[in-house]
Amino acid sequence: MTTRFFIKAPLASSTHVDLDDAIKTKIALQRLEYYKAPGYGMTPYPDAQLFDAVSDLQRDKGMRTTGEVRPGDDTEKAIRTALDTNSSGASARAENEGKYIWRTRGDSKVRSEHAERDGKVFEWNNPPEGGHPGEAPNCRCRAEDLDANDSICKKSAIDIQRKIIDVETFRIELRSFRENYLNHAQDFTDAESHLLSKITEAAIPDIPDDVSDIRAWLRAALSSAGKLLMLEVIASAWDGRRAARNAMEIARKSYEDSRRRLTDARMELSNLERKHRAKCI
Ligand SMILES: [Zn+2]
């Protein structure tokens, strides 16, 4: 900012302020790290953050904290002096200074000239045709602070990196859960065929799945077939099959949970990437 800081009219929350003064003061106080744009971004309209920033500066300079700036007063002078001594500020900040990103609401009601400006960078002291965001009649667009965008985008890049690691972890995890499930499924198949071969050998009917006392059931079935000696062999084969099935079901559930985690993480990753592409320039 090479132009020195002067305002045209009183800047106070109780008066109708000049919009050029308001934006100029916001940019100056942002550069001095007093003003922080509200969540919806920097606008040419006065906001509470602006008057708070003025008060903070006045407090720091040992002045009366009125939250107001008037042409030619000590506060205006203090801002000007602070800017002059601060002119060797960080270059990234200087680069973003006085600029904003045009943001539309992104819906079908956005006029096409504004839709074309979405995501592009403009300068506060060089308004595009029709004015800054929110100035044209019924315009619902807003200006997004470039520094805020930088830090949001840095954060979202980190979030994406983390999510990529999650996806990779879940992918490896899924492979081992799948292998575990297939092993248990094989165990179950083996246990089942072992049981079936014993049932065939003993020449008894198939055992119902819901039998509550397997040994009592077998005693009745085997005594009529004259094969009571096989009771314990078949009973433990039946127990073994039931245990193998339970283990297989648990492994299947872990496998499905793991697959869901991977699917969710992949979806979250693509959402993060889409938002990042839309927001970050
Ligand atoms: Zn608009």
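# Briefing: domains, cores, zinc site and salt bridges

Cysteine 141 counts as buried, with a relative accessibility of 10%; here buried means under 20% relative accessible area, exposed means over 50%, and partly exposed lies in between (1.4 Å probe, protein chains only). The structure is a predicted model, in which local features need pLDDT of at least 70 and side-chain atom pairs count only at pLDDT 80 or more, while totals for chains, interfaces and linings use all residues. Residues are numbered from 1 along each chain as its sequence is written, and side-chain values use heavy atoms, with hydrogens and water left out. Helices (H or I, at least four residues) and strands (E, at least two) are DSSP runs numbered from the N terminus.

**Zinc site**

- The zinc ion is coordinated by His114 through ND1, by Cys139 through SG and by Cys141 through SG, at 2.1 to 2.3 Å.
- Donors are N, O and S atoms within 2.8 Å of the metal (3.2 Å for Na, K and Ca); water is not among the atoms, so sites may look incomplete.
- The spacing of the donor residues in sequence is H-x24-C-x1-C.
- Histidine 114 belongs to helix H5 (residues 112-117) and cysteine 141 to the loop between strand S2 (121-123) and strand S3 (142-145), so the pair ties together parts that are 27 residues apart in sequence.
- Histidine 114 is buried, its relative accessible area being 4%.

**Domains and their interface**

- The domain assignment gives domain 1 (1-90), domain 2 (98-140) and domain 3 (153-279); such bounds come from an automatic or database domain assignment.
- The C-alpha centres of domain 1 and domain 2 are 24 Å apart.
- Between these two domains, 6 residues of domain 1 are in contact with 4 residues of domain 2, where contact means heavy atoms within 4.5 Å.
- Domain 1 and domain 2 bury about 410 Å² between them, with 70% of it on carbon and sulfur atoms; buried area is the accessible area (1.4 Å probe) that two parts lose on being put together, summed over both.
- On the domain 1 side, Ile27, Pro44 and Tyr45 lose the most area to domain 2, together 65% of what that side buries.

**Nonpolar cores**

- In soluble globular proteins, nonpolar side chains tend to be buried together.
- A nonpolar core is a set of buried Ala, Val, Leu, Ile, Met, Phe, Trp, Tyr and Cys residues joined through side-chain atoms within 4.5 Å.
- The largest nonpolar core has 31 residues, and those with the most contacts inside it are Leu11, Leu29, Leu32, Leu57, Ile79 and Trp124.
- Helix H1 (19-31), H2, H3 and strand S1 (99-103) each supply at least two residues of this core.
- Domain 1 (1-90) and domain 2 (98-140) each provide at least three of its residues.
- Apart from this core lies another, of 16 residues, among them Ala202, Leu218, Met230 and Leu231.
- Leaving aside neighbours within four places in sequence, isoleucine 79 is in contact with Phe5, Thr25, Ala28, Leu29, Leu32, Leu57 and Val69.

**Salt bridges**

- Side chains of opposite charge can pair when their charged atoms come close.
- A salt bridge is a side-chain nitrogen of Lys or Arg within 4 Å of a carboxyl oxygen of Asp or Glu.
- Arginine 80 and glutamate 76 form a salt bridge between their side chains (3.5 Å, N to O); being 4 residues apart in helix H3, the two are separated by about one helical turn.
- Arginine 80 is buried at a relative accessible area of 11%, and glutamate 76 is buried at 2%.
- A further salt bridge joins the side chains of aspartate 209 and arginine 245 (3.4 Å, N to O).
- Aspartate 209 lies in the loop between helix H6 (146-202) and helix H7 (214-225) and arginine 245 in helix H8 (residues 231-279), so this pair ties together parts that are 36 residues apart in sequence.
- Aspartate 209 is partly exposed, with a relative accessible area of 45%, and arginine 245 counts as partly exposed at 25% relative accessibility.
- Arg103, Arg142, Glu144 and Lys279 are linked in a network of salt bridges.

**An exposed loop residue**

- Glycine 72 is found in the loop between helix H2 (48-60) and helix H3 (74-85), and counts as exposed at 54% relative accessibility.
- Between glycine 72 and isoleucine 27 there are 19 Å in space, C-alpha to C-alpha, and the two are 45 residues apart in sequence.
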